[in-house]
Amino acid sequence: MEGNMRLSLKVWRQSNTDAAGGFEDYKLDNVSPDMSFLEMFDVLNEQLIEEGKEPVAFDHDCREGICGMCSMYINGRPHGPLRGVTTCQLHMRSFKDGDTIVVEPWRAQAFPVIKDLVVDRDAFDRVISAGGFVSVNTGNAQDANSLPIAKEAADDAFAAAACIGCGACVAACKNASAMLFVSAKISQLALLPQGQAERSIRAEKMVAQMDAEGFGACTNTGACSAECPKEISLENIARMNREYIGAKFSSSAV
Amino acid sequence: MSWFSQTLTSSIGKKLLMALTGLFLISFLVIHATINAMIFYNDGGETFSHWGHFMGTNPIIRTLEIGLVAGFLIHIIDGLMLWKSNRDARPVKYAVNNAAANSTWYSRSMGLLGTLLLIFLVIHTSHFWIPNRSNQFATGEELNLYQMMLETFQNPVVVLIYVLGCVSLFWHLLHGFKSAFQSLGLNHVKYNGAIAFVGTAFSIIVPILFALMPISIYLGWVK
């Protein structure tokens, strides 16, 4: 079709966690600029299946930027060259005819590769299980104004809660640090009245679990926030530092 | 492990230590640069030696010096521990990584810049601090530091090493100053601008002031 692109792909292939992986080269001759990056991978996989080859395993679910499943490291950046989008919201018009695109999985000790471009992000779930919740019986929804919440606190909590847990922050960070993710999850509850009862113990337990998973520390390079599809702010990391240090030095948990 | 050591060895606790010792070392740089800048009076080292003598003999300053050595050691050892754990957090590197798109090179190179500064620190203390303190320990007398400066900075290679040390210090401070506040949780819309401004100004002024010392002596501006 007129205007369609020819692309070369270098894609990481790895049959399982323990196997050695490597790059495979593929050519696509008829890519529409209106395709999303994942649809381009669907075309590649159709082609591989027709050739009797194993299709590329990659994570995806909602394909509308809210599930946090897609996780490709494209030409050296998580979710590709655009800011504030997931891989499914990246379209082929962001690339040029004849481009070579290198696609790798997230690289982190805490995110082992399961297969090809699919990584195991259970470490995030374990951090949430450690304290990213409110254990009160909330009953029925209350009247909207029965708990007064400052507009700024509500806005900041909402912005932090926009985190979809995709792991781009870990992927982008030179230390594979999970601080942006964990700080968003601590912040969304620390800012609201419902989160106060477990505020200290939550910060202590979630940070302890984050460290136990083998994520790195923070160098404040800002790469995480720059690459975050939901543009989670670095202010959350500062808030987590306050929450954690404050909790450690003042809580009754010895 | 007690709650205290557990806190200081956690990822955030290590950064807390880096930030506190970093800001402490920054406060030391203020004193160090101010007193050394006395050579620019160009009075044959009279003002400089007066204050140098005070710093070398005053009991309060000498006690604080123990804290300074501790501050350096904690900053260096903690930095090396962070470097190791951060490196272990990504055992397989990316084949293609466009980090320049999301962060500055110097913020990603604090370990490298710190190592360069450590090498400089060893050279620098072996020029002045170590010989002076060992002489004080052995004989009770201070060495003539001003004369030692004039002699040391006749060598262009030494001058170059000192200038390169100042360049490393500039990049290390340019990220480190602001980063320390973020690590301490001090990120607030009312103060962020001031922190960034003071941090950048400090990172420029102090290394230039330090670099001018060996250069001025080498070029004979200060005699």
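Student: What is the mean pLDDT of chain B, pLDDT being the predictor's confidence in each residue, from 0 to 100?
Tutor: This is a predicted model, in which local features need pLDDT of at least 70, side-chain atom pairs count only at pLDDT 80 or more, and totals for chains, interfaces and linings use all residues. Residues are numbered from 1 along each chain as its sequence is written, while chains are lettered from A and ligands numbered from 1 in the order in which they are written. In chain B, 100% of the residues reach 70 or more. The mean pLDDT of chain B is 97.

Student: How many helices does chain B have?
Tutor: Helices (H or I, at least four residues) and strands (E, at least two) are DSSP runs, numbered from the N terminus. Chain B has zero strands, and its elements run α-α-α-α-α-α-α-α-α-α from the N terminus on. The number of helices in chain B is ten.

Student: Are H9(B) and H10(B) roughly parallel or roughly antiparallel to each other?
Tutor: The axes of H9(B) (residues 156-183) and H10(B) (residues 192-218) come within 9 Å and cross at roughly 170 degrees; axes are lines fitted to C-alpha atoms, for helices over the stretch in contact, and angles run from 0 to 180 degrees between N-to-C directions. Angles under 35 degrees count as roughly parallel, over 145 as roughly antiparallel, 65 to 115 as roughly perpendicular and the rest as oblique. The two helices, H9(B) and H10(B), are therefore roughly antiparallel.

Student: Which element gives the largest share of the side of chain A that touches chain B?
Tutor: Contact (C-beta atoms, placed from the backbone, within 7 Å) joins 39 residues of chain A with 36 residues of chain B. Elements giving two or more residues to the chain A side are S5 (100-104), H6 (199-212), H7 (223-227) and H8 (235-250) of chain A. The largest share, nine residues, comes from H8(A).

Student: In what order do the five strands of chain A form their open sheet?
Tutor: Two strands pair if DSSP finds at least two bridges between them. S1(A) (residues 5-13) and S5(A) pair in the parallel sense over four bridges, with A:Ser8 and A:Thr100 as bridge partners. S3(A) (residues 73-74) and S5(A) pair in the antiparallel sense over two bridges, and S3(A) is joined to S4(A) by two bridges, also running antiparallel. The pairing in the open sheet is mixed, and the order is S2-S1-S5-S3-S4.

Student: Which strands stand at the edges of this sheet, and why is one side of each left without a neighbour?
Tutor: A:Ile74 stands opposite A:Arg77 in S4(A). Each edge strand has a single partner strand, so one side of each is left without a neighbour in the sheet. The edge strands of chain A are S2 (22-31) and S4 (77-78).

Student: How far apart are the centres of domain 1 and domain 2 of chain A?
Tutor: The domain bounds, which come from an automatic or database domain assignment, are 5-115 for domain 1 and 121-250 for domain 2. Taken over C-alpha atoms, the centres of domain 1 and domain 2 are separated by 29 Å.

Student: How many residues does domain 2 of chain A give to the contact between the domains?
Tutor: Domain 1 of chain A gives 18 residues to the contact. From domain 2 of chain A, the number of residues is 17.

How values were computed: Two residues are in contact if their C-beta atoms, placed from the backbone, lie within 7 Å.
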